[in-house]
Amino acid sequence: MQAQISIVIPTLDAAATLPRVIEALMEGLHAGLIRELIITDGGSSDATLEIADAAGAVIVQGPASRGGQLRRGCDLARGTWLMVLHADTRLETGWSTAVAAHLSEEQGVGYFRLAFRARGLMPVIVAGWANLRAAVFKLPYGDQGMLISHHDYQRVGGFPDQPLMEDVALMRALRRARVPVMSVPCRAVTSAERYRKAGWVRRGARNLWTLARYFAGTSPERLVQSYRR
């Protein structure tokens, strides 16, 4: 019997990217993997909620905080597995086969290989570093997607209600609980807009500095102020 997946996507003015993300998920629906789609919104002023409603999604609303949004969405989930995706991250064709194989073996937490919707050397280098970090340090970020059993998610306390580094906090809790973390052989292709605006090197350096400060004990509330500037 195939596992039932609750897809959880946090949104905030995501009308430009959400339709293609949902479209890519349709193969999982046809394969009988998806039980529900949950859109957890942080106060969108564009057509995000209309798009979600047209797709038949369960919609939950609350303050704009990715950790809080994810927590609210996962609290509503009824599936035995959770798949968490960002609203600008699209899974490549064939993902349902790779995910079905992962679920059948109950291999623990899965993440996808990061790629950017951009050409050139820098997108390859930045994505390569992210995939290396995930493989070596077992620390994938949210833009790589996350596949986790509902049982393991609840056992470690779920996403913390914080505006930044909620993915890192959850992964650290899973590692402490000795839950295996491994790659699912499929790409998660995400937007490169933030890197284009800030510059690939500058944005990558900022991400590393933010992670280092978080590990050193700086609160997510302080980190988010400088991260979003």
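Predicted model: local features only at pLDDT ≥ 70, side-chain atom pairs only at ≥ 80, totals over all residues.

Residues are numbered from 1 along each chain as its sequence is written, and side-chain values use heavy atoms, with hydrogens and water left out.

Entry one: Arg187 and Glu92. I looked up this pair and found a salt bridge at 3.2 Å, N to O. Arg187 sits in strand β8 (residues 181-190) and Glu92 in the loop between β5 (89-91) and α4 (95-105), so the bridge ties together parts 95 residues apart in sequence. Helices (H or I, at least four residues) and strands (E, at least two) are DSSP runs, numbered from the N terminus. I have Arg187 as partly exposed at 38% relative accessible area, and Glu92 as partly exposed at 25%. My cut-offs: buried is under 20% relative accessible area, exposed is over 50%, partly exposed is in between (1.4 Å probe, protein chains only).

Entry two: Arg155 and Asp152. Their closest N and O atoms are 3.2 Å apart. Both are in helix α6 (residues 150-155), three residues and about one helical turn apart. Buried or exposed, which is Asp152? I find Asp152 buried at 12%, while Arg155 is partly exposed at 46%.

Entry three: Arg196 and Glu193. I get a salt bridge at 3.7 Å, N to O. The two are three residues apart in helix α8 (residues 193-198), about one helical turn.

How values were computed:
Salt bridge = Lys/Arg side-chain N within 4 Å of Asp/Glu carboxyl O.
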